[in-house]
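User: Hi! Could you walk me through the inside of this model and one of its helix contacts?

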Amino acid sequence: MQVLLVEDDEPVAESLRRGLRRYGFEVDWVTTGGAALAHSGPYDVVLLDLGLPDTDGLDVCKALRARGDVPIIVISARSDETDRVVGLELGADDYVSKPFGVREVIARIRAVMRRVRPRTGPGGAPGGPERYGSRLTVDRRAARVHVDGREVALAPKEYDLLSFLTEEPGALMSREQIMEAVWDANWFGPTKTLDVHVAALRRKFAGVVAIEAVRGVGFRLEIVGGAAPGPGGPAS
């Protein structure tokens, strides 16, 4: 995933770049609103600081939104509710106040991308179901899951957890990453609920996916009987 980072504070930007790259993101960094608007490379999401040296970030947000539907997450030291509301009204998809952790930003990116994926799929076409192996199909547009063509009944968080883990089959996800992405970036409750939901998915998808627990770290989902095609590959 390609991120356009618009941030003039070098220490903040470097910290974000390092953190995002550790999680597999590619980052293009610019320091001004003018550079952001002039940026010609492709990107999947924008992280936009409001306190830019050449222009107000809210004006940049408005201009970027007028160009298309690429998700915009505002990152700012401004904690005033008015700025937050105005940013969202101008088209931002989310708002993160400084100081923040890299994992919180990543959780917000993933949450925003899950929300906007139904709007468009590869090439701008409506997103379709994605097949994982020969048996499992996840339709993120409709929030429905099928095994061998038959829908599997899932509780909302069971679906969210399966959808998240199947985004990167084979990748080891820490408990913190999963809790932030599936439950809430500010979740302070016990993580035992994660184990309960993993157990439920294991029962419902036995022989279809395997969810391996890595002691002291988190979980890894593997597709049973074959790897999934690349993201966005529609089911036949």
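This is a predicted model: local features need pLDDT of at least 70, side-chain atom pairs count only at pLDDT 80 or more; totals for chains, interfaces and linings use all residues.

User: How many cavities of 30 Å³ or more turn up in the whole structure?

Analyst: The search finds 1. A cavity here is a set of points on a 1 Å grid over the protein atoms alone where a 1.4 Å probe fits but cannot get out.

User: And what lines the largest cavity?

Analyst: Tyr23, Arg103, Ile106, Ala107, Arg110, Gln177, Glu180 and Ala181, where lining means an atom within 4 Å of a point.

User: Which helix gives the largest share of that lining?

Analyst: α5, with 4 residues. Both α5 (102–116) and α7 (175–183) supply at least two; helices are DSSP runs (H or I, at least four residues), numbered from the N terminus.

User: Switching topic: how do α7 and α8 cross?

Analyst: Their axes, lines fitted to C-alpha atoms over the stretch in contact, come within 11 Å and cross at roughly 80°. The two helices are therefore roughly perpendicular (65 to 115 degrees).

User: Which residues meet there?

Analyst: Arg175, Ile178, Met179 and Trp183 in α7 meet Thr193, Leu194, Asp195 and His197 in α8, with contact meaning heavy atoms within 4.5 Å.

Key: Residues are numbered from 1 along each chain as its sequence is written. Side-chain values use heavy atoms; hydrogens and water are left out. On a 1 Å grid over the protein atoms alone, a cavity is a set of points where a 1.4 Å probe fits but cannot get out, and a pocket is an open set with protein on both sides within 12 Å along at least five of seven lines; lining residues have an atom within 4 Å of a point. Grid points are joined across faces, edges and corners, and a volume is the space filled by probe spheres set on the points. Axes are lines fitted to C-alpha atoms, for helices over the stretch in contact, and angles run from 0 to 180 degrees between N-to-C directions. Angles under 35 degrees count as roughly parallel, over 145 as roughly antiparallel, 65 to 115 as roughly perpendicular and the rest as oblique.
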